[in-house]
Amino acid sequence: MPKNSTLRFVRIAGTTALLVYVLHKAGLFSADGRRDLLDTFAHVKPGFLLASIGFGLLLNLSSAFKWYMLSRSRALPVNLWRLFAYYMVGQFFNLVLPSSIGGDVVRMHLLGRYTGRYADAVASVFVERFTGLATLVLLAMVAVVVNLHLFNLPWLTIGLAIGSIGIALICWLIIDERPFRLTHKLLAKRVPLLQKLFAKIEKFRQAVLAYQSDPGAIWGALINSLIFYFLAVMNVWVSALAFGSKIDFVSMLVAVPVILFIMNLPISIGGIGLMEFAYSFTLGLVGATPALAFSTALLLRAKTLFHAGIGSLLYPFVSDGSPIREGVPMEVTNKYGENGDD
């Protein structure tokens, strides 16, 4: 069986297993479990439901603002609201494309085409994502270490270890040019077709390294990531309160980083089943009933679909790449490089 087919089969199997586990955990295979779930939905609290929707949009705006700070650090001529629209469009493509990074690729393309500076556009999205992931792994590790009695799970420990090593490895490959030069020397001369690819990789690497000249932008991105995850805790807490949750906020501070880390594990197709598993499993550890955990997961899944729907509506308005520098001086375009830097 080809490698791609094997990987696809493994992910399909993983998705199926996760869905079966979640449905079983929620009690949907029994009449009593289905009745409990329906009763939980029947007593939803509209005020907390509306607050949950508001927090979801605020989270997206927080991420767009971090991307905006990083873009402005490189003097990319784009305003916050266009980046917010791009971010929502990215959520739509995360939903419809098979890869979880499909939305990021679309965001890179849209910003690159709009500004004419593809390398800086790609670097801004990469740094935005990477600082968020590094912060998440750190918070999840702290949550696990401080609460080993809850999270003493080998698969979670292994996942966190791999995530930490992966982040360190990426930092090393970007900062230290020796691995790139060695790979280039071994492959590029033997396979001329790779020359262009290596040139683009080096341009991307230099665009990321350019942030070294503005450490304030990196610190700002890290602080924004902490604010984002605090808002994420609020988002989950309020969503659970909509269904009558009794879980205290401190327990949510512990649970949510672990939930979000599990959701980033590449073991399902489009995160289907994995998101529901992360919430059902982790919230169950901090005292949520199966019906409450599953209801919260479904609400957050519904909000993901809602955000993707907004992105699909915005896409026709921002996909043409028209260079409209709303409220941004045109002269900043050439501060760090000419247009056409692809």
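Guide: Arg-205 forms a salt bridge with Glu-177, the closest N and O atoms being 3.8 Å apart; a salt bridge here is a side-chain nitrogen of Lys or Arg within 4 Å of a carboxyl oxygen of Asp or Glu. Arg-205 belongs to helix H10 (residues 194–209), whereas Glu-177 sits in the loop between helix H8 (154–175) and helix H9 (178–188), so the pair ties together parts that are 28 residues apart in sequence. Helices are DSSP runs (H or I, at least four residues), numbered from the N terminus. The model is predicted: local features need pLDDT of at least 70, and side-chain atom pairs count only at pLDDT 80 or more, while totals for chains, interfaces and linings use all residues. Residues are numbered from 1 along each chain as its sequence is written, and side-chain values use heavy atoms, with hydrogens and water left out.

The two partners differ in their cover. Arg-205 counts as buried, at 5% relative accessibility, and Glu-177 counts as partly exposed, at 33%. Buried means under 20% relative accessible area, exposed over 50%, and partly exposed in between, with a 1.4 Å probe and protein chains only.

Glu-177 also meets the side chain of Arg-181 in a salt bridge (3.1 Å, N to O). Arg-181 is exposed, with a relative accessible area of 53%. By the rule for such contacts, the count comes to 10 salt bridges.

Terms used: Helix = DSSP H or I, 4+ residues; strand = E, 2+ residues; numbered from the N terminus.
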